[in-house]
Protein chains: 2
Amino acid sequence: MSSSAGIIIIGDEILSGRTKDTNINWIANELNEIGIKLKEARVIEDDKMIIINTVLEFSKKFTYVFTSGGIGPTHDDITTESIAAAFKVDLEKNKIAMNLLKKHYEKSNIDFNEARQKMAIIPKGASLIDNPVSVAPGFNIKNVFVFAGVPKIMQSMFHSISSNLKGGIIIKSKTITCDVGEGKIASDLGQIEKQFLNMKIGSYPYFNPQSFGTSIVIRSEKIGDIDLALEKIIKIIKQFGGKYEIIT
Amino acid sequence: MSSSAGIIIIGDEILSGRTKDTNINWIANELNEIGIKLKEARVIEDDKMIIINTVLEFSKKFTYVFTSGGIGPTHDDITTESIAAAFKVDLEKNKIAMNLLKKHYEKSNIDFNEARQKMAIIPKGASLIDNPVSVAPGFNIKNVFVFAGVPKIMQSMFHSISSNLKGGIIIKSKTITCDVGEGKIASDLGQIEKQFLNMKIGSYPYFNPQSFGTSIVIRSEKIGDIDLALEKIIKIIKQFGGKYEIIT
């Protein structure tokens, strides 16, 4: 039996037409590549009971459920508390998430206030999903993967978990960040990607008040190819005088 | 009571990622303008039982239901027969539709074969929806409006029926941007929102290498309330020493 999936897009801003959803199509293509069949996608309101019911229905029907939206710092971000309620699990300030965010805001000289600490509140027992773009993590509980709504962040989160999904093909990945702008290295990354069979190199620019740079995710079935590509990418970063860090 | 709506996008090609849906966003904007609240949108498979169940569920839940996709001439176009089955109504070759299509194909010197005649098969008692783009009509049965999937055709069909839809309230909005981070003003925005009935204040952070800040959208039926909330928000921005710009 092959794996199935459902997508839940949570957001009044999509239903009002103000924001155009691009996450359904993006995830659909990714799932298709790794051999997981997307069976349904729903756009629903920022409403606790609707989120709870939809998540429970999808969790039962499909192998994997992906949600996007509603995990930011504001009062209308209610995805996390709704999903905790769906699975009857308590919320807690996650220590790892708190540390990540604290460090991030200290570096940027931004006050790590109560609203921002909200992004470290995670259902007990859930595992964190890396966010190489803006730090605040997503999380995975049971078969549900909870992503941010901003496309670049959602994409980086998806790639940080996609190697764990059991589809047809198993895709492995490594992530490296550097302080070189995406535009400078984009064409070199494209060149490197072409040198390998079925390799995908994704790049995700990040910005914060103090610095900017690029997170790079290398994906392939072959870990050996990934390591070779990683070496080539590090060479490019050094050519531009950049610093880098291998994340995973 | 204001009117509500649901959208059902029928199409394996959307779920496989091959085709990018644009109909949800387009209909969402149109509905917003005429004051009908879009409550949910679903992308579902070309599967008879799933179409039947979704149409019946939506028909009960919402004032208006719009479907797109699956009314063409090919074997996998099963929307019409599924909707007839949902409402336990027979199918018939609709005379008006047959005449329209016959004339159209005669003019174009294209054989009006059995496959093309399929597009004239409509549930008994349904009313036709004009298709000024490619003639083959959509139809309306109970509170369900059945459109083609091709965006231009769907749009022309929507416009040919939209003046018959009873909207409720027109939601107005104003947008202001400022150079204060979302996390700083998040809790104040929540406080302001609570001071008005049926007001929604959304906040959307933006980042770029030179600057960062927040766009704030205030939505309400009452333009007076929006202006009052706007004043309060400007006060908050000034408290943080921020600059602002009223966009719309």
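This is a dialogue about how the terms used for a predicted two-chain model follow from their definitions.

Student: What should I know about the model and its numbering?

Tutor: The model is predicted, so local features need pLDDT of at least 70 and side-chain atom pairs count only at pLDDT 80 or more, while totals for chains, interfaces and linings use all residues. Residues are numbered from 1 along each chain as its sequence is written, and chains are lettered from A and ligands numbered from 1 in the order in which they are written.

Student: How many helices and strands are there in chain A, and what makes a run count as one?

Tutor: Chain A has nine helices and twelve strands. Helices are DSSP runs of H or I with at least four residues, strands are runs of E with at least two, and both are numbered from the N terminus.

Student: How do you know whether the radius of gyration of chain A agrees with that of a compact globule?

Tutor: The radius is taken over C-alpha atoms, and the globule rule is 2.2 Å times the number of residues to the power 0.38. For 248 residues a compact globule would come near 18 Å; chain A has 18 Å, so the two agree. The C-alpha trace of chain A spans about 55 × 50 × 35 Å along its principal axes.

Student: What makes B:Val135 partly exposed?

Tutor: B:Val135 has 18 C-beta neighbours inside 10 Å and therefore counts as partly exposed. B:Val135 is placed in the loop between β6 (127-129) and β7 (138-141) of chain B. Its phi is also positive, about 70°, although B:Val135 is not a glycine.

Student: Why is α7(A) called mostly covered?

Tutor: Eight of the eleven residues of α7(A) are buried, which means that each of the eight reaches the cut-off for that class. Among them are A:Ile153, A:Met157 and A:Phe158. Over the whole of chain A, 45% of the 248 residues are buried.

Student: What makes a group of residues a nonpolar core, and which residues touch the most other members of the largest one?

Tutor: A core is a set of buried Ala, Val, Leu, Ile, Met, Phe, Trp, Tyr and Cys residues joined through C-beta atoms within 7 Å. The largest has 94 residues, of which A:Ile7, A:Val65 and B:Val65 touch the most other members.

Student: How do you know that β9(A) and β11(A) pair?

Tutor: Two strands pair if DSSP finds at least two bridges between them. β9 (172-178) and β11 (212-220) of chain A have seven, in the antiparallel sense, with A:Lys174 opposite A:Ile218. β9(A) is also joined by three antiparallel bridges to β12 (244-246) of chain A, where A:Tyr244 is the bridge partner of A:Cys178.

Student: What are the two domains of chain A, and how many residues does their contact take?

Tutor: The bounds come from an automatic or database domain assignment: domain 1 is 4-164 and domain 2 is 172-246. Each domain of chain A gives 13 residues to the contact; two residues are in contact if their C-beta atoms, placed from the backbone, lie within 7 Å. On the side of domain 1, α7(A) gives the most, with five residues.

Student: How many residues of chain A and chain B meet, and what links β2(A) to β2(B)?

Tutor: The contact takes 31 residues from chain A and 32 from chain B. On the side of chain A, β2(A) gives the most, with seven residues. That side divides into 13 nonpolar, eight polar and ten charged residues; Ala, Val, Leu, Ile, Met, Phe, Trp, Tyr, Cys and Pro count as nonpolar, Asp, Glu, Lys and Arg as charged, and the others, Gly among them, as polar. Three antiparallel bridges join β2(A) to β2(B), and A:Arg42 has B:Arg42 as its bridge partner.

Terms used. Buried ≥ 20, exposed ≤ 12 C-beta atoms within 10 Å, placed from the backbone.
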